[in-house]
There are 2 protein chains.
Amino acid sequence: MAQKVEFWFEFASTYSYPAAMAVSDACARAGVGLVWRPFLLGPVLAAQGLDGSPFTVFPVKGAYMWRDVERICADASLEFRKPSAFPRGSIHAARIVVAHSGEPWVPAFVRAVYAANFADDRDIADAAVIGAMLGAMGLEADAILAVAQTPEAKAGLRAATEEAQARGIFGAPSFTVGDELFWGHDRMDQAIAWAARG
Amino acid sequence: MAQKVEFWFEFASTYSYPAAMAVSDACARAGVGLVWRPFLLGPVLAAQGLDGSPFTVFPVKGAYMWRDVERICADASLEFRKPSAFPRGSIHAARIVVAHSGEPWVPAFVRAVYAANFADDRDIADAAVIGAMLGAMGLEADAILAVAQTPEAKAGLRAATEEAQARGIFGAPSFTVGDELFWGHDRMDQAIAWAARG
């Protein structure tokens, strides 16, 4: 019997963008269940002694990453514009997903946030921007934003981030299938195949 | 007209192993020329402020890497045994390739060194081990090792390492096609396709 894929993502992460846009369809094609697992990469990197994104700590790697992501998006016919700010704060969007996991609008919301950040260069760190996106989806923006500010939502995202770290995750996106960890958007197909094998 | 792929590798690098074993055949299938470009990763990492392999500097990443390489080799039906020492000194083997580039035995020698390090757990840092491998290939081991100790061979490897850095390379394996850089064994097919496009 097929296992589920848990998709660990950070809204600020460039390589999470092409993965987030493709993962629903890829899992559906393989008949594999999908669990959306937002987390904050900052505390995970800090625990490794990294003071910020590896792409700013190591500028040579950063220069490569922007070109690489541009090529990946072109290959996937995915719009891409280098954001004018990087990395952008993801805490509002991540708390919303944690607090509403299982809601049918979550996958579309995740994709909308990534497109806002990496195709439309909108400031996803701004709760008003997130609220406008929820409204455009026909959702109760104010109520959803309020839930994301509750102590439960905040604790939920902290717990998710601690779980990511406990499971050996050190970057985004990552995929887990049971105890197997796969790192990087380019491991998505391998993770799904692993899950399909059961 | 197809362009050439330059394959930048470090004999100590785990992810360079599956790439080195596959790159000749993959380029031949695509009708793309291949240039073997050994370099030393240590000075390139040091220039980024990394004091050693990222897999020892960041142990969580290192733990993942060993499992990931094991899975990759299993998928490729490639023998793999975690070396009892890591990373192993690669200067003798790298100087030999630089000093004899274009010789018809170089691809087989590269593969033999990788298999020694990552399948047979032999100490490739030891010139005697390298000499025994050359002898087993029916080559003049003493003469080849002597050439690798000349000032020209040493300067050649230094120049290759400086060129790697100047071209924005920050890890191994990497592939270049003209000015396009691709990092990681999992970018091999993409690099070859880029070269085939001309």
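Colleague: Which side chains meet in a salt bridge at 2.7 Å, N to O?

Modeller: In this predicted model, the side chain of Asp68(B) forms a salt bridge with that of Arg187(A), at 2.7 Å from N to O.

Colleague: How many salt bridges does the rule find across the interface of chain B and chain A?

Modeller: The rule finds eight across that interface. Over all chains, the structure holds 26 salt bridges.

Colleague: How many residue pairs are in polar contact between the two chains?

Modeller: Between chain B and chain A the count is twelve residue pairs, with both residues at pLDDT 80 or more.

Colleague: What about area, and how many residues does each chain bring to the contact?

Modeller: About 2,100 Å² is buried between chain B and chain A, and carbon and sulfur atoms give 52% of that area. Chain B and chain A each bring 23 residues to the contact.

Colleague: Changing topic to chain A: which residue forms a salt bridge with Asp68(A)?

Modeller: Asp68(A) pairs with Arg71(A), and their closest N and O atoms are 3.2 Å apart. The two residues are three apart in helix H4 (residues 59–75) of chain A, so about one helical turn separates them.

Colleague: Are Asp68(A) and Arg71(A) buried or exposed?

Modeller: Both Asp68(A) and Arg71(A) are buried.

Colleague: Which pair links distant parts of the chain?

Modeller: Arg88(A) and Asp121(A) form a salt bridge, with the closest N and O atoms 2.8 Å apart. Arg88(A) lies in the loop between H4 and helix H5 (91–99) of chain A, whereas Asp121(A) lies in the loop between helix H6 (106–118) and helix H7 (127–136), 33 residues apart.

Colleague: Why does Arg88(A) count as buried?

Modeller: Arg88(A) counts as buried because its relative accessibility is 8%, and buried means under 20%. Asp121(A), at 21%, is partly exposed.

Colleague: Back to chain B: which residue forms a salt bridge with Glu70(B)?

Modeller: Glu70(B) pairs with Arg67(B), the closest N and O atoms being 2.8 Å apart. These residues are three apart in helix H4 of chain B, so they are separated by about one helical turn. Glu70(B) is partly exposed at 39% relative accessibility, and Arg67(B) is partly exposed at 29%.

Definitions and conventions
Residues numbered from 1 in each chain as written. Chains lettered and ligands numbered in written order. Predicted model: local features only at pLDDT ≥ 70, side-chain atom pairs only at ≥ 80, totals over all residues. Heavy atoms only, no water. Contact = heavy atoms within 4.5 Å. Buried area = accessible area lost by both parts, 1.4 Å probe. Salt bridge = Lys/Arg side-chain N within 4 Å of Asp/Glu carboxyl O. Polar contact = N/O pair within 3.5 Å; in protein donor to acceptor, adjacent residues only side chain to side chain. Helix = DSSP H or I, 4+ residues; strand = E, 2+ residues; numbered from the N terminus. Buried < 20%, exposed > 50% of the residue type's maximum accessible area, 1.4 Å probe, protein only.
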